[in-house]
Amino acid sequence: MDHTHTHDIPAIRLSLPLPYQQEIFREAYNDDAFFIIARGLGVQQIVANLLHAYDTVGRSLVILVGATESDNTQLGEELAEKAAISRAYDARGLIVVNTDVTNVGSRQRMYARGGVFTVTSRILVVDLLTGLLDPTKVSGLVILHAEKVTATSLEAFIIRIYRQKNRSGFIKAFSENPDALSSGFSPLSTIMRNLFIQKSSMWPRYHIRVAQSLEVRKAEVIELEVGMTPAMQSIQNALLQCIEISISELRKGNIGLDIEDWSVDSALHRSFDVLIRKQLEPVWHRISSRTRQIASDLTTFRTILLGLLSLDAVSFHQYLETILASHAPKTNTTSHTQPPWLFLDAAETLFSTARRRVFRGEFPKRSVPIDIADIDLVLEEQPKWCVLSNILDEISRTRQSISSQNRGGPTLIMCHDRQTCVQIAEYLEANVSTSSLLDESHPSRFMTRKFLAFQAWKNDFNLFHSSNAIRENQHQPVDSKNVTLARKAPANKRRRVRGTAQFATTVRDQSISYFSESKTNEANPTKFQMLDDFEEQLDTQTPESLGYSEREFKMHDVDETIVIYPYGTDSDDSLLEELKPRNVIMYNPNAAFIRRIEVFQSSNEKSNDTRVYFMYYGGSVEEQTYLSQVRKEKDTFTQLIRQKANMAITLTSDSNLISDPQEQFLRTLNTRIAGGGRLVATTEPPRVVVDVREFRSSLPSLLHGKSITIVPCTLTVGDYILTPTICVERKSIKDLISSFKDGRLYSQVEAMQAGYQEPVLLIEFDQDKSFNLEPFLDLNTVVSSTQSDLQAKLVLLTLHFPKLRIIWSSSPYQTAEIFEDLKKGHQEPDPIKAISVGLGDGDDASSIYATLPTEMLKTIPGINDKNYKHILLEIDSIFELSNAQESGLTRLLGQEAGRRVHRFFSSNIYSHSSGD
Amino acid sequence: KIQKPSGPSSIIVNTRQKGNPLLPYIKSVPWEYGDIIPDYLVTPTTCMLFLSLKYHRLHPEYIYTRMKSLGKAYTLRILLILIDTDQHTDPIKELTKSTMINGLTIILTWSAAEAGRYVELYKVMEHTPATMIKERQKEDYMSRVEDFATTVRGVNKTDSLGLISMFGSVRAAVNATEDQIGLVPGWGEKKTRRWCAAVREDFRVGG
């Protein structure tokens, strides 16, 4: 065993300019601790430096746990860069093990060579259990997003397996999300127990060292409160009314619901839909369909509330139209009910006001192109746009007034998502080209363009709806090559092509800038054919040339560039460093980004002062969310620090037990399980064969906690093999409903019955904190048809499979108990046999299938439980399948099924009328 | 020995079930008392035993003698358990094990009404073919598209319609880039990324 747990920091170059960053780094390098750091203070930088330190040592095997895809990209880049700067030739950078590394052998070789790895949790847990990765060979774990390490999480399972076998390796955990630790009973000590870490280290913004570091040079912040237009105000009010009525409706139907502190104000700043859903979750299977409908309506309201601020008036109206259409009663079904809120007066106000922001009067219901001069257009602009162009004007004026050397970097506009980025880029560009004839009464070019796109969409959509109820079989397949890629979407592509000179809107996590993308699009001009129609219409409207020339491009020097970015999670740090912007316009408020600017500003003492413009809509969701975020983070830190102080004694007594980790975690687990599990001392340890796909659930972890050996395998039949005769298929209530619906459960039980003497269906209820089985059926609510359906289907299933046994379990904890009980006095299952059950000749047992795309595949008409495997073996992804030739599909699936699959993808909902 | 039911369409109820609150809830099928070994004889091959957990706590041995009394008779043997107490985890664990040994299938219910409905359902569905649970029900094209799209977490009905109405065909929606999808109203960044990742993710993972 080779441990690199030395206390001397190797001679590497750190890129941590601020004192507090260096302090966290030193602490992290020397100690195992759980670091909770306020958002925006640069966790990523610290982790990157830490990993680099391990990377340069060589021969160590350090594993990064819980990293997201964007973490991997970002850290990978950082590590490569640092290796180059430090001239550390041994450094291998961040080695990513994800679903792409499919080969078991190559994974084993990679681990053997050592280095800094980042491994997808689901792969890591299986590799640790199968011994592909020997825990004793691991120098240490670095855990990101540690707030997610709950007792039943996969990450907690990984840490436990590691600690059980390896007591000397290090564990260091980082969290940038203190809010997640604000609920539950002593959340801090719980998480630390899961992490096997005894020391915590808190770094709020108000930490003295942080404050000192950041207050060296303060950024100049100009706050701009933008008022909403009267129409926006009345839409927001109407929405709040809808929400209020829905909530009181919920309260009536669900007496136990804790929404007493509900107020319209809280609707503005809390993710109320999530809160309510969380409360309903444990009883989700028994609440009435009306309650369920209202809960999902709340999510819709929240999306609309946010859309009101972020979408332009035309897109907002279009979104509302889509909502209406998707809830419209279908002609072929009688049971369909519309959501109750659609009948409210407030909803009427909402829809009509949104429409009036776009146009007045009736929308002509004809498919022929309508001259837009015939429509009484309003095309209300978002108030922020005007403010934004004013700021940009001001910036460019200031620039001209100061000397050329001192101009500083580009202007950076930050907004909350990419959709907004594109919107702003388009708006600014259209605005620039029309600035000469800008006047108040004339709707902007940008909005006109949006409207034309909407008009085309609307016409098609009406056509499609009036003909209604297209049957799958009536469809005329469209030739795959000639499908116009995205009817409206390219409109924006075109804009971007022109706009790139000035507005390099870049998407970092993908490392594509719109600039490079647009080049490839220009090489393929056929895609824009449809667009030209719009252009022609447009040009007759405003006869001013839109021409862009190379010359114009060259006139702009770098410093006048305007760059638009969405707030990323971690990439923002390096963004500021790379761009060194002179002016930052925060189009949407974001607490973390303010801090990033502070960090950037203080780290670069030589650079110019950065001026920050901070925009928000007064009295809106946006403002409230921002304020409550800041408040909540502060409160949480205070709370956590208090918890830490109270915890000190308990932890030291606990640390004695740590000497025997196995004892420790069993004790920890057993206190949660009523009754307490006992270990059975037999010569052969109890064993359960578990399907690899089941590692998404917490059950394998809990079984492992009961000292049952987990053997991960790819099973064709069943999820858990308990004994040579008992095979269990696990279903949560949600799975149960969906697998009844698509017939999957029937074939699964059929296969279990064929392969095992005792087929078992495990119905596992959501983990409920009070461990109560909630009533299936609530007499206070109306018995809805779906509930009775579930029971009827269960009856039907048992009637057809009388040998099927059902295990009812209130939580994964109880399931673990029941499994342990059922295994007593029985033989252990044979993994080799379990794998072979249900396999036909020539079936490949060694491959694992990705769950989500496979589930999607199974919803496609023509695909069933028997033939989907043919697709999996021959075709790589849904993407590839969608572009497959009909002949290829019929070869794989047969005439009928192949044609149905092909038709599913190629049917064009707009072209059927001409095609029939 | 199996008692022959007097009428083909009625459920035979053991006289010891007299007073069971579930009986009034058997409404849509006729039932009558009869001299049978199980508590309910729904069809000649389907029988049921009823157990209230409250009663089980007081008389833990009762249900075992009843299970034994069934012997090997009847094809489908249901143990209908009424959860009428908070202390259910241990008895259910223990009953799960013994029903596995004795060849009974547990059905849990939380109210007399629900229990009655189960008894009734076993009779009503006696001859129902499995088509309802065997295969996907026929649906129109748009519902299939909805099913397909909403498999991705966070994508709802409205999003699905927005997507298909914007792109015209499923193929175009699958082929679209993140930027293009991001322009569909209602499709935020997370949703967009999830969708694009899902349709491009390789089916085959492990090696």
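What share of the 916 residues in chain A is buried? Buried residues make up 58% of them, where buried means under 20% relative accessible area, exposed over 50% and partly exposed in between, with a 1.4 Å probe and protein chains only. The model is predicted; local features need pLDDT of at least 70, side-chain atom pairs count only at pLDDT 80 or more, and totals for chains, interfaces and linings use all residues. Residues are numbered from 1 along each chain as its sequence is written, chains are lettered from A and ligands numbered from 1 in the order in which they are written, and side-chain values use heavy atoms, with hydrogens and water left out.

Chain A holds 37 helices and 22 strands. Helices (H or I, at least four residues) and strands (E, at least two) are DSSP runs, numbered from the N terminus. Contacts are counted between heavy atoms within 4.5 Å. Among contacts in chain A between residues at least 6 apart in sequence, 76% join residues at least 24 apart.

Five domains divide chain A, with bounds from an automatic or database domain assignment. Domain 1 spans 19-215, domain 3 spans 230-377, domain 4 spans 660-840 and domain 5 spans 850-913.

The interface between domains 1 and 2 of chain A was examined next. Here 17 residues of domain 1 are in contact with 12 residues of domain 2. The two domains bury about 1300 Å² between them, 44% of it on carbon and sulfur atoms. Buried area is the accessible area (1.4 Å probe) that two parts lose on being put together, summed over both. Gly40(A), Gln74(A) and Leu214(A) supply 34% of the area that domain 1 buries against domain 2, more than any other three residues.

The count between these domains is 1 salt bridge, defined as a side-chain nitrogen of Lys or Arg within 4 Å of a carboxyl oxygen of Asp or Glu. Arg205(A) and Glu598(A) meet through their side chains in a salt bridge, at 3.0 Å from N to O. Three residue pairs are in polar contact between domains 1 and 2, both residues being at pLDDT 80 or more. A polar contact is a pair of N or O atoms within 3.5 Å; within protein, one must be able to donate a hydrogen and the other to accept it, and residues adjacent in sequence count only if both atoms are side-chain atoms. On the domain 1 side, the elements giving two or more residues are helices H1 (19-30), H2 (43-57), H3 (69-85) and H8 (208-214) of chain A. H3(A) gives the largest share, 4 residues.

Over all chains, the count comes to 33 salt bridges. Glu321(A) pairs with Lys458(A), the closest N and O atoms being 2.3 Å apart. This pair links distant parts of the chain: Glu321(A) lies in helix H13 (residues 313-327) and Lys458(A) in helix H17 (residues 445-467), 137 residues apart. Both Glu321(A) and Lys458(A) are buried. Lys823(A) forms a salt bridge with Glu828(A) at 2.7 Å, and both residues are buried.

In chain B, the side chains of Arg66(B) and Asp39(B) meet in a salt bridge (2.7 Å, N to O). Arg66(B) lies in helix H2 (residues 62-70) and Asp39(B) in the loop between strands S2 (31-34) and S3 (40-43), so the pair ties together parts 27 residues apart in sequence. Arg66(B) is buried, with a relative accessible area of 5%. Asp39(B) is buried at 0%.
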